[in-house]
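The questions below go through one protein model, from overall dimensions to single residues. Each answer ends on the value or name asked for.

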Amino acid sequence: MQSNNKGKIVAIGARSHVLYSRLLTADQYWTLLHLKSTGDIAVFLNDTAGYKNQLPVLVNSQTHRIDLENAIRSVVLAEGRIILSSLSGSRLTFFSNWLAIYEVNNLKNIFRWIRSRRLDRDTMRNRLFKVPDSKLPYDALLNCSDYKEALTTLNGTKYYDAIADQVDDLIKGRETSLFPLEQSLDNLFETELHESVEKLPSADRKCLAPVFGARADLYNLSNLHRCLSYYNMIIEEVLSRTLPVKYLLTTKDLRAIAKGTDRDERVEILGRKFKTYAEIFRNAYSSQDPELTLEINIKRYLYMQELAVFKKGTPGFHTAIGYFLLKLHEIDDIIRIIEDVRYDYNRHTAVEFLIRPIISGGETTWQ
């Protein structure tokens, strides 16, 4: 049985190399950037190896941007279902927890829908991701008329306790933004993901822990930045919104950083122990669009870590995870390109905000 499981994991790693070979080339990125419409992008992608026959119902001139984006994001779910069938034990738990980001996004979208009601119920249902093995009562949630009903409907799921306080704040008017609720959902997802990394077999854990550890550090730092820069929060409240799991950055480190009088001083404090992390923020703060640049800088840093994991050693489970992480970055890039085309942004400026380093015709977007 152990030999059979080992063979399945090697096969998963080998298959991941095949999937990796289907990621978009630099020339295909450039072609996408120079298309004229969302429909053109759908047609082009449907003829590439990585998205072929995944978007057939969307290939027309009336393609709605949201429908196309959701279909593109769903490609990961389609590929993930194949991997799930070959996993067991802690690897299955980890991968299921990783795919749960789609379930979290469904919940975020449902709460946004309850808030705005801009779409009819059937359209909203069709825009939810089809998450493997999800037990959420989606039909019941879409029948809810307010936040209180939605919370009651979630009773018995892991999400109830995670957002109960935030929903109460919304109901009683202490909070008007969905940001705290969505942050609580993200915190639950990131915490469960980090904890499931720690339970992987030692070889997998050795490869993946640094990547997901850096992810946790940067998640905490970016949350700290947003809470201190845009919300009137005391330090203890800010720290309560960070992940309970830590990697290199301890709660003591975060507290010291939070005591900085402004963002520049906070970066200076961060840089005393964590120069690489500090440079990610310092570079963003000196740009014309600090928030977008910070988001891209973090994803680029993680991209390079994940690419190294994918290429490391004999193909195995870590190879598959490296591939899927890289695929998500590609999808984020495609979504940004859709926006660039839709609003007709300058393409050579737009390419500077892609996650993946693109080399084509002698041009490189970032080093």
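In the charge count used here, Lys and Arg are positive and Asp and Glu are negative, while His and the chain ends are left out. The model is a predicted one.

Q: How far apart do the centres of the positive and negative side chains lie?
A: The protein carries 49 positive side chains and 46 negative ones. The centres of these two sets are separated by 4 Å.

Q: How many helices and how many strands does the protein have, and what is its radius of gyration?
A: The protein has 18 helices and two strands. For 367 residues the globule rule gives 21 Å, and the protein comes close to that, so it is as compact as a globular protein of that length. The C-alpha trace spans about 55 × 50 × 50 Å along the principal axes. The radius of gyration is 21 Å.

Q: What share of the contacts with a separation of 6 or more is between residues 24 or more positions apart?
A: Of the 367 residues, 50% count as buried. The accessible surface is about 17,700 Å², and carbon and sulfur atoms account for 50% of it. Among contacts with a separation of 6 or more, the share from residues 24 or more positions apart is 64%.

Q: Which elements are among those covering the buried residues of α14?
A: Helix α14 runs over residues 263-271, and its buried residues are Arg266, Val267, Ile269, Leu270 and Gly271. The cover over these residues includes α11 (202-230), α13 (251-258) and α15 (275-285).

Q: Which backbone nitrogen does a side-chain oxygen of aspartate 262 approach at the start of α14?
A: The contact is found where α14 begins.

Q: Is lysine 327 buried or exposed?
A: Lysine 327 is part of helix α17 (residues 317-342). Beyond its neighbours within four places in sequence, lysine 327 is in contact with Leu23, Gly50, Tyr51, Val75, Val76 and Glu79. Its relative accessibility is 1%, and the cut-off is under 20%, so lysine 327 counts as buried.

Q: Which residues does methionine 233 touch, not counting those up to four places away in sequence?
A: Methionine 233 sits in the loop between α11 and α12 (235-240). Its relative accessible area is 13%, so methionine 233 is buried. Phenylalanine 274 is 41 residues away in sequence and 24 Å away in space, C-alpha to C-alpha. The residues touched by methionine 233 are Cys227, Leu228, Val238 and Arg241.

Q: What is the phi of aspartate 133?
A: Aspartate 133 lies in the loop between α6 (121-126) and α7 (138-142). It is exposed, with a relative accessible area of 63%. Although aspartate 133 is not a glycine, its phi is positive, at about 65°.

Q: Where is aspartate 344 found?
A: Aspartate 344 is not a glycine, yet it has a positive phi of about 55°. With a relative accessible area of 58%, aspartate 344 is exposed. It is found in the loop between α17 and α18 (347-350).

Q: Which residues is alanine 350 in contact with, leaving aside its neighbours within four places in sequence?
A: Alanine 350 is in helix α18 and has a relative accessible area of 7%, so it is buried. Proline 290 is 60 residues from alanine 350 in sequence and 15 Å from it in space, C-alpha to C-alpha. The contacts of alanine 350 are Leu33 and Asp340.

Conventions:
Residues are numbered from 1 along each chain as its sequence is written. This is a predicted model: local features need pLDDT of at least 70, side-chain atom pairs count only at pLDDT 80 or more; totals for chains, interfaces and linings use all residues. Side-chain values use heavy atoms; hydrogens and water are left out. Helices (H or I, at least four residues) and strands (E, at least two) are DSSP runs, numbered from the N terminus. The radius of gyration is taken over C-alpha atoms; the globule rule is 2.2 Å times the number of residues to the power 0.38. Buried means under 20% relative accessible area, exposed over 50%, partly exposed in between (1.4 Å probe, protein chains only). Contact means heavy atoms within 4.5 Å. Accessible areas come from the Shrake-Rupley method with a 1.4 Å probe; for residues, only the protein chains shown count as cover. The place of a charge is taken as NZ of Lys, CZ of Arg, CG of Asp or CD of Glu. A polar contact is a pair of N or O atoms within 3.5 Å; within protein, one must be able to donate a hydrogen and the other to accept it, and residues adjacent in sequence count only if both atoms are side-chain atoms.
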